[in-house]
Amino acid sequence: MNDMKSTLSKQQRKDDTRRKILLGSFLIAQMEHRPEDFGWVKQELDKFLDTHTKANIVAQNKVLLAEFLR
């Protein structure tokens, strides 16, 4: 029974990761091709990144996503 739950949980995590990658890829493509329509994303992304409780993680994430925050 635990093996079945573990397998299901692993698949759910894989599916969740895949959804995030696909949505992120779509958003990146849209921001590159139609930047005028996605200025709001920069503001919201900056706010979202600030919600992390550790300042060093916030800084690392902002460096990683710097090209999208410009």
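Q30 is buried, with a relative accessible area of 17%, where buried means under 20% relative accessible area, exposed over 50% and partly exposed in between (1.4 Å probe, protein chains only). The structure is a predicted model, in which local features need pLDDT of at least 70 and side-chain atom pairs count only at pLDDT 80 or more, while totals for chains, interfaces and linings use all residues. Residues are numbered from 1 along each chain as its sequence is written, and side-chain values use heavy atoms, with hydrogens and water left out.

Q30 belongs to helix 1. Leaving aside residues up to four places away in sequence, Q30 touches P35 and F38, a contact being heavy atoms within 4.5 Å. E36, by comparison, sits in the loop between helix 1 and helix 2 and is exposed, with a relative accessible area of 62%. Between the C-alpha atoms of E36 and A66, which are 30 residues apart along the chain, the separation is 18 Å.

Turning to the whole chain, the secondary structure consists of four helices and zero strands, in the order α-α-α-α from the N terminus. The radius of gyration is 16 Å, well over the 11 Å that the globule rule gives for 70 residues, so the protein chain is more spread out than a compact globule. Here the radius is taken over C-alpha atoms, and the rule is 2.2 Å times the number of residues to the power 0.38. Along the principal axes, the C-alpha atoms fill a box of roughly 50 × 30 × 15 Å. Buried residues account for 11% of the 70 residues. The accessible surface comes to about 6200 Å² (Shrake-Rupley method, 1.4 Å probe), and 59% of this surface belongs to carbon and sulfur atoms.

The largest pocket holds about 250 Å³ of space. A pocket is an open set of points on a 1 Å grid where a 1.4 Å probe fits, with protein on both sides within 12 Å along at least five of seven lines, and lining residues have an atom within 4 Å of a point. The lining consists of G24, L27, I28, M31, W40, V41, E44, L45, F48, L65 and F68. Helix 1 (2-33) and helix 2 (39-49) are the elements that give two or more residues to this lining; helix 2 gives the most, with five residues. Helices are DSSP runs (H or I) of at least four residues and strands (E) of at least two, numbered from the N terminus. By class, the lining has nine nonpolar, one polar and one charged residues, with Gly counted as polar and Glu as charged.

Terms used
Points joined across faces, edges and corners; volume = space filled by probe spheres on them.
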